[in-house]
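Colleague: Before I use these labels, I would like to know what stands behind each of them. Can we go through them one by one?

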Amino acid sequence: MKVGVLTGGGDCPGLNAVIRAVVRRGRQHYEDEIFGFLDGWRGVVENDYRLLDRRALRGALPRGGTILGTSRFNPFKVDGGVEAVKKTFQDNQLDALIAIGGEGTLSCTNSMFQLGLPVVGVPKTIDNDVDLTERTFGFDTAVSIATEAIDRLHTTAESHDRIMVVEVMGRHVGHIATWAGIAGGATVTLIPEEPFDIVRVCESIERRHQAGRYASIVVVAEGAKPIDGTLEVPEDTFDEFGHIRLGGISQIVADEIENRTGYETRVTILGHVQRGGSPTPYDRVLSTRFGIAAIDAVHDGAWGDMVALQSDKITLVKLQDAVKQLKFVDPQLWATAQNFFP
Ligand code: F6P
């Protein structure tokens, strides 16, 4: 078969491991020709690709980023975009396309399926917010990086009796914040799912200080929001997929903490450090399993499906079901985290 593969949306550790698995099994087991489209859907619209063989993937397993490049390009938002995608399929006699991406890329892939194109999705995002899969690769790496950063911030916070506000990624969901907050022993964790009360945040910190601890870590997901009307926050802006672009909530929280409690407060924004570099062993294995399952799904003609992890087994779900809503932090896990907020 002639099979295309693309990586769309924000990059994520483990993308190369997925591509490697697709190419390895596709070439060796099925004798496929694999077209690697460059920069996500842009490469499909502009018929910009490179053929991938085993050699092209040499050394790719532990490498972060994506050898194919990525973008948030949306073919539905450019004139003639969808027709250009269909033409690329025809011109190359493509039998299938594997799209590796987060909710934006997967929604676009689902729309292509609705138009009759033979596509299969692979969920990726450090945010872990794609529904119907227990994990997306990249999440474990991001949590490891965030936890290590928090561990390091603890010692400098304690030396200076300071509050350290740490901003982690997570536009709409607080998976990274919740996991890193628990793993890193945060005093307070703020997530988008649970609008926060700055008065309560400050009370928690003060209670901890009254109990004789003079340093605190506050983990803030970038999409954390105050309860309506309690704090002024800047207007959101949007990207091509209609995604909110955020940033800056941690500084607002830090300023409020310092002003209200008088405790010296510093901010660390981990940002794209969480997305860069080598995937953890867990993410390498999950990416590899997803890649193998995706090329097998292509050969089973499972169009419109997405590979997923459920009960630690790889399975297939419908893309249209997976993109209906985001996967939010499990209330049971959030309740666990709250046991440690004073
Ligand atoms: O979707 C993953 C993510 O890491 C979000 O948590 C973050 O808001 C966003 O990407 C930022 O991506 P970029 O700076 O590439 O637009």
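Colleague: What separation is there between the centres of domain 1 and domain 2?

Modeller: The centres, taken over C-alpha atoms, are 33 Å apart. This is a predicted model, in which local features need pLDDT of at least 70 and side-chain atom pairs count only at pLDDT 80 or more, while totals for chains, interfaces and linings use all residues. Residues are numbered from 1 along each chain as its sequence is written, and side-chain values use heavy atoms, with hydrogens and water left out.

Colleague: Where do the two domains run, and how many residues of each are in contact?

Modeller: Domain 1 covers 2–138 + 279–322 and domain 2 covers 140–275; such bounds come from an automatic or database domain assignment. With contact meaning heavy atoms within 4.5 Å, 22 residues of domain 1 are in contact with 19 residues of domain 2.

Colleague: Why is C108 called buried?

Modeller: Buried means under 20% relative accessible area, exposed over 50%, and partly exposed in between (1.4 Å probe, protein chains only). C108 has 4% relative accessibility, so C108 counts as buried. C202, at 5%, is therefore buried too.

Colleague: How do you know that C108 is in no disulfide?

Modeller: A disulfide is a pair of cysteine sulfur atoms within 2.5 Å. A search of the whole structure finds 0 disulfides. For C108, the nearest cysteine sulfur is that of C12, 18 Å away.

Colleague: What makes D305 buried, and which residues does D305 touch?

Modeller: The relative accessible area of D305 is 8%, so D305 is buried. D305 lies in strand 12 (residues 305–310), strands being DSSP runs of E with at least two residues and helices runs of H or I with at least four, numbered from the N terminus. Not counting residues up to four places away in sequence, D305 touches V119, V120, G121, L316, V317, K318 and L319.

Colleague: Why is T230 called partly exposed?

Modeller: T230 has 35% relative accessibility, so T230 counts as partly exposed. T230 lies in the loop between strand 8 (216–221) and strand 9 (237–238).

Colleague: Which residues of helix 6 and helix 11 meet, and how do they divide?

Modeller: T178, W179 and I182 in helix 6 meet L333, W334 and A337 in helix 11. These contact residues divide into 5 nonpolar, 1 polar and no charged. Ala, Val, Leu, Ile, Met, Phe, Trp, Tyr, Cys and Pro count as nonpolar, Asp, Glu, Lys and Arg as charged, and the others, Gly among them, as polar.
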